[in-house]
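Follow along with the structure beside you.

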Amino acid sequence: QVQLVESGGGLVQPGGSLRLSCAASGSIFSIYDMAWYRQAPGKQRELVAAINSGGRTNYADSVKGRFTISRDNAKNTVYLQMNSLKPEDTAVYYCNGGVSSYSGLRNYWGQGTQVTVSS
């Protein structure tokens, strides 16, 4: 069974940095497009950043220049480096991706990790 497990969230002051990780585990054949989403209280879940299997990336306008998504295919892990954090970045961050396994090609979500930006 494939699982995506996020880590690295926490409390940080405005202007600070955090690095989120999302590790895929299970009987994985291949990992395709991966992305980070976030959901703040009372708001819809939104796409933050995405990276395809070739390393091409795209970002929400609100995080361009501050966040960097990357992946380590050997470790089945995707990262989100978040710099110059703002209070409005506070949300639960979710990892999402397409994974091929014995169950076929499916889309998976992680359980989420809380990021709180506050002084």
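**Entry 1: strand pairs.** Before counting anything, I wrote down that two strands pair if DSSP finds at least two bridges between them. The model I am reading is a predicted one. I began with β7 and β8, which run antiparallel and are joined by six bridges.

Next I turned to β4. It is joined to β9 by nine bridges, and the two run antiparallel. Here Tyr-37 stands opposite Tyr-94 in β9. β4 is also joined to β5, again antiparallel, by five bridges, and Trp-36 stands opposite Ala-49 in β5. The hairpin of β4 and β5 has six residues between the strands, and in it Gly-42 has a positive phi near 80°.

**Entry 2: the core.** I looked up the largest nonpolar core and found that it has 30 residues. Trp-36, Leu-80, Met-82 and Tyr-93 are the members that touch the most others. Several strands each supply at least two residues of this core, among them β3, β7 and β11. I then listed the neighbours of Met-82, leaving out residues up to four places away in sequence. They include Leu-18, Leu-20, Phe-67, Tyr-93 and Val-115, and also Gly-16 and Arg-66.

**Entry 3: the cysteines.** How many disulfides does the structure hold? I found one. Cys-22 and Cys-95 form it, with their sulfur atoms 2.0 Å apart. Cys-22 lies in strand β3 and Cys-95 in strand β9, so the pair ties together parts that are 73 residues apart in sequence. The torsion about the S-S bond is about -80°, so I noted the disulfide as left-handed. Are the two cysteines buried or exposed? Cys-22 counts as buried at 1% relative accessibility, and Cys-95 is buried at 0%.

**Entry 4: the rings.** My search of the whole structure gave three aromatic pairs. In one of them, the ring centres of Phe-29 and Tyr-102 are 4.7 Å apart and the planes are at 75°; planes over 60 degrees apart count as edge-to-face, so this pair is edge-to-face. Phe-29 is in strand β4 and Tyr-102 in the loop between β9 and β10, so to speak a link between distant parts of the chain, 73 residues apart. I checked accessibility too: Phe-29 is partly exposed at 48%, while Tyr-102 is exposed at 69%.

Ring pairs also link Tyr-37, Tyr-94 and Trp-109 into a cluster. Tyr-94 has a charged neighbour as well: the charged end of Arg-45 sits over its ring, 3.7 Å from the centre. I noted a second case of this kind, with the charged end of Arg-19 over the ring of Tyr-79, 4.0 Å from the centre.

Methods
Residues are numbered from 1 along each chain as its sequence is written. This is a predicted model: local features need pLDDT of at least 70, side-chain atom pairs count only at pLDDT 80 or more; totals for chains, interfaces and linings use all residues. Side-chain values use heavy atoms; hydrogens and water are left out. Rings of Phe, Tyr and Trp (its six-membered ring) pair if their centres lie within 6.5 Å; planes under 30 degrees apart count as stacked, over 60 as edge-to-face and the rest as tilted. Helices (H or I, at least four residues) and strands (E, at least two) are DSSP runs, numbered from the N terminus. Buried means under 20% relative accessible area, exposed over 50%, partly exposed in between (1.4 Å probe, protein chains only). A charge sits over a ring if NZ of Lys or CZ of Arg is within 6 Å of the ring centre and within 35 degrees of the ring normal. A disulfide is a pair of cysteine sulfur atoms within 2.5 Å. A nonpolar core is a set of buried Ala, Val, Leu, Ile, Met, Phe, Trp, Tyr and Cys residues joined through side-chain atoms within 4.5 Å. Contact means heavy atoms within 4.5 Å.
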